[in-house]
Amino acid sequence: MDFSFQDLSGTFSVADIAIAMSLSFVLSAMIGWVYRATHRNVSYSQSYVQTLVILGMLISLIMLVVGSNIARAFALVGALSVVRFRNAIKETRDVGFIFLVMGVGMAVGTRFYLLAVVAAVAISLIIMIMSRFNWFQLNVRRQVVKVQVPSDDDYTNAIQDVLVRHTDEFELVSMESIRAGALMELMYTVKIKKGSEPADVIAGLRERNHGQSVTVLTGYDQTDL
């Protein structure tokens, strides 16, 4: 009994469909687990990971439909061009995972099964290694310090004394009059010394600015008192 299907793109069997869907699911799910295991920030989304799996299988389906038919490929591009995505990608790393599952799905859908498996496993291992050994980390403790002081006196020297004590280097970036001229806001870029913490900078500055607001902005979080 022949279970082959004939369509405009060529002939494929039930086995081809089963292999493509199953393999794209397994590889996309593996990539999803790699994403979950290597994610470091607070923006993790279960929905995003599930979308990766769906996308990998969908691309395989599209490649099966297209086959080697150029006319159908252009028709699908036109049909998919009406789709608009409203959700912004929170991290550039997430875009890489989208392209990874798309590439794997394309390879599976065009029946390059070995290529899909090898590429998915190799790239996943590279991602795990980079995450495990923290490759390309720039270990520079540089922050932005914003401190508010009363405008009726010059507090610059007092502020800089604290920064000299807790930082290796600092630079005054801006001075701004706020609250109808009652306060001045000074903004510095600083490199905090080893052994000092943002909380130490805040405590020292609050002793000099009569309890006005002090903010330390880092690349990851914000400490504000």
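Which element supplies the largest share of the lining of the second largest pocket? In this predicted model, that share comes from H4, which contributes five residues. Helix H4, spanning 92-109, and helix H5, spanning 113-132, each supply at least two residues of that lining. The space in the second largest pocket is about 610 Å³, and 19 residues line the pocket, with Thr38, Arg40, Arg93, Ser131 and Asn134 lying nearest its centre. Sorted by class, the lining of this pocket is made up of eight nonpolar, eight polar and three charged residues.

**Charged pairs**

Side chains of opposite charge can pair when their charged atoms come close. Under the cut-off used here, which asks for a side-chain nitrogen of Lys or Arg within 4 Å of a carboxyl oxygen of Asp or Glu, the model has two salt bridges. They are set out below.

| Salt bridge | N to O distance |
|---|---|
| Asp16 and Arg111 | 3.8 Å |
| Arg208 and Asp161 | 4.0 Å |

In the salt bridge between Asp16 and Arg111, the side chains meet at 3.8 Å, N to O. This pair links distant parts of the chain, since Asp16 belongs to helix H1 (residues 14-38) whereas Arg111 sits in the loop between H4 and H5, 95 residues apart. Is Asp16 buried or exposed? Asp16 has a relative accessibility of 18% and therefore counts as buried, the limit for that class being under 20%.

Helix H7 itself covers residues 198-208, and its buried residues are Pro198, Val201, Ile202, Gly204 and Leu205. As background to such a pattern, an α-helix has 3.6 residues a turn, so residues three or four places apart point the same way.

**Positive phi angles**

Where does the backbone take a positive phi after H7? That helix is followed by His210, whose phi is positive and near 60 degrees. Asn134 lies in the loop between H5 and strand E3 (142-150), and at 44% relative accessibility it counts as partly exposed.

**Annotated spans**

An unreviewed UniProt entry carries the annotation "transmembrane region" for residues 12-35, 47-71 and 112-133. In the model, residues 12-35 are 92% helix and 8% strand, and the end C-alpha atoms of this span lie 33 Å apart. For residues 112-133, the end C-alpha atoms are 32 Å apart, and the span is 91% helix and 0% strand.

Terms used. Residues numbered from 1 in each chain as written. Predicted model: local features only at pLDDT ≥ 70, side-chain atom pairs only at ≥ 80, totals over all residues. Heavy atoms only, no water. 1 Å grid on protein atoms, 1.4 Å probe; cavity = no way out; pocket = protein on both sides within 12 Å on 5 of 7 lines; lining within 4 Å. Points joined across faces, edges and corners; volume = space filled by probe spheres on them. Helix = DSSP H or I, 4+ residues; strand = E, 2+ residues; numbered from the N terminus. Nonpolar A, V, L, I, M, F, W, Y, C, P; charged D, E, K, R; others polar. UniProt positions renumbered as here; feature names shortened; annotations may be inferred. Buried < 20%, exposed > 50% of the residue type's maximum accessible area, 1.4 Å probe, protein only.
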